[in-house]
Amino acid sequence: MSDQAVAEYRIEDLAHHSGATVRTIRAYQDRGLLPKPERRGRSNVYRDTHLARLRQIADLLDRGYTLASIKELLEAWDAGRGLGGVLGLVAEVHGPWTDEEAARISRTDLNERFGGRPDDDAVDEACELGVLERIAGRPDEFLVPSPQELAVAAELYAAGVPLSAITGHLRELRGQVEHIASRFLEFTTEHVFARYLGHVPPTDADAAEAATMVRRLRPLAQQTVDAELARAMRLFATRHLQRHLGAAGGAQPSGPAPVSLPAETVRAVQELVGSEHVAEFVRAATERELQARTMNDLVSRGGR
């Protein structure tokens, strides 16, 4: 076959070149994801268009799309609506959301940064959290997706924080940050991207315009979180310092201090006036007591 001849594949050859199994290729045909091959005698003949389609499907699956959504995209493409803008949007969303570059670290260097002693359980947990990633064929080397995150963990460990506390804090923090990310996406989808997503899948032009908006808005989430985190840290760090200095015998913060009432007293007041009126009752009773003491003091002074 010359270089200019149209490439033809048997299903086994197509599987070899695409990385899919023969069973998967047949399943894609049955679901309408892959065009039917040309029937030639008793054999099916596939072409480069089938190979390109299989690679597109594999790429979209790797990005988290379901077969149902992939079918909608491919049907829109086959109907002439275009897929270039949609694939551009997919690539933009799945692109890097940080300028940080991944690095590698050896097991020896990792041990040295965390106490100098091997800790297989800690490594397993770091891999589970994605702080480290194992490298096939290299058991003594790891990929570090975020060197900054690993550096923070090393600094906290050097400051005396146990590894179990660091990983527990990361799990808690991750849940909160994922909530923030979800809310930011809901917010931008409602106010920015809804107009581009009126069609499912979106038109080629709308998808291309949405990809441009993703590039513009990409840094905003991190910038907002950075600013709000700085504000909150300044506020709460100041409060923590004042409280601990006060506990150590320093200047006490001005203003009234909270007073805890015995549980029996609170229950008695609830039975008397209802739960919603407890605070009002306590305030009125206190004022009444203060007034009574003032009057008693005045009477005692007048009798002298």
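1. What order do the three strands of the open sheet have? The order is 4-6-5, and the pairing is antiparallel, where two strands are taken to pair if DSSP finds at least two bridges between them. Helices (H or I, at least four residues) and strands (E, at least two) are DSSP runs, numbered from the N terminus.

2. Some notes on the basis of these points come next. This is a predicted model, in which local features need pLDDT of at least 70 and side-chain atom pairs count only at pLDDT 80 or more, while totals for chains, interfaces and linings use all residues. Residues are numbered from 1 along each chain as its sequence is written, and side-chain values use heavy atoms, with hydrogens and water left out.

3. To return to the sheet, strand 4 (103-106) and strand 5 (133-135) stand at its edges with a single partner strand each, so one side of each has no neighbour in the sheet. From one strand to the next the twist averages 40 degrees, with axes being lines fitted to C-alpha atoms, for helices over the stretch in contact, and angles running from 0 to 180 degrees between N-to-C directions.

4. Strand 4 and strand 6 run antiparallel and are joined by four bridges; Ala103 stands opposite Val144 of strand 6. Strand 5 pairs with strand 6 (residues 138-144) in the antiparallel sense over three bridges, with Glu133 having Leu143 as its bridge partner in strand 6 and Ile135 standing opposite Arg138. The hairpin of strand 5 and strand 6 has two residues between the strands, and in this hairpin Gly137 takes a positive phi near 80 degrees.

5. The axes of helix 1 (residues 11-18) and helix 2 (residues 22-30) come within 9 Å and cross at roughly 100 degrees. Helix 1 and helix 2 are therefore roughly perpendicular to each other (angles under 35 degrees count as roughly parallel, over 145 as roughly antiparallel, 65 to 115 as roughly perpendicular and the rest as oblique). Ile11, Glu12, Leu14, Ala15 and Ser18 of helix 1 meet Val22, Ile25 and Arg26 of helix 2, contact meaning heavy atoms within 4.5 Å. By class, this contact has five nonpolar, one polar and two charged residues (Ala, Val, Leu, Ile, Met, Phe, Trp, Tyr, Cys and Pro count as nonpolar, Asp, Glu, Lys and Arg as charged, and the others, Gly among them, as polar).

6. With helix 3 (residues 48-62), helix 1 has axes that come within 10 Å and cross at roughly 40 degrees, and the two helices are therefore oblique to each other. Leu14, His17 and Ser18 of helix 1 make the contact with His50, Leu51, Leu54 and Arg55 of helix 3, and by class the residues are three nonpolar, three polar and one charged.

7. The axes of helix 8 (residues 147-158) and helix 9 (residues 163-191) come within 10 Å and cross at roughly 135 degrees, which makes helix 8 oblique to helix 9. The contact is formed by Glu149, Ala153, Leu156 and Tyr157 of helix 8 together with Leu163, Ile166, Leu170 and Arg174 of helix 9; by class, six of the residues are nonpolar, none polar and two charged.

8. The count of salt bridges comes to 13, each being a side-chain nitrogen of Lys or Arg within 4 Å of a carboxyl oxygen of Asp or Glu. Glu8 lies in strand 1 (residues 8-9) and Arg40 in strand 2 (residues 38-40), so the pair ties together parts that are 32 residues apart in sequence.
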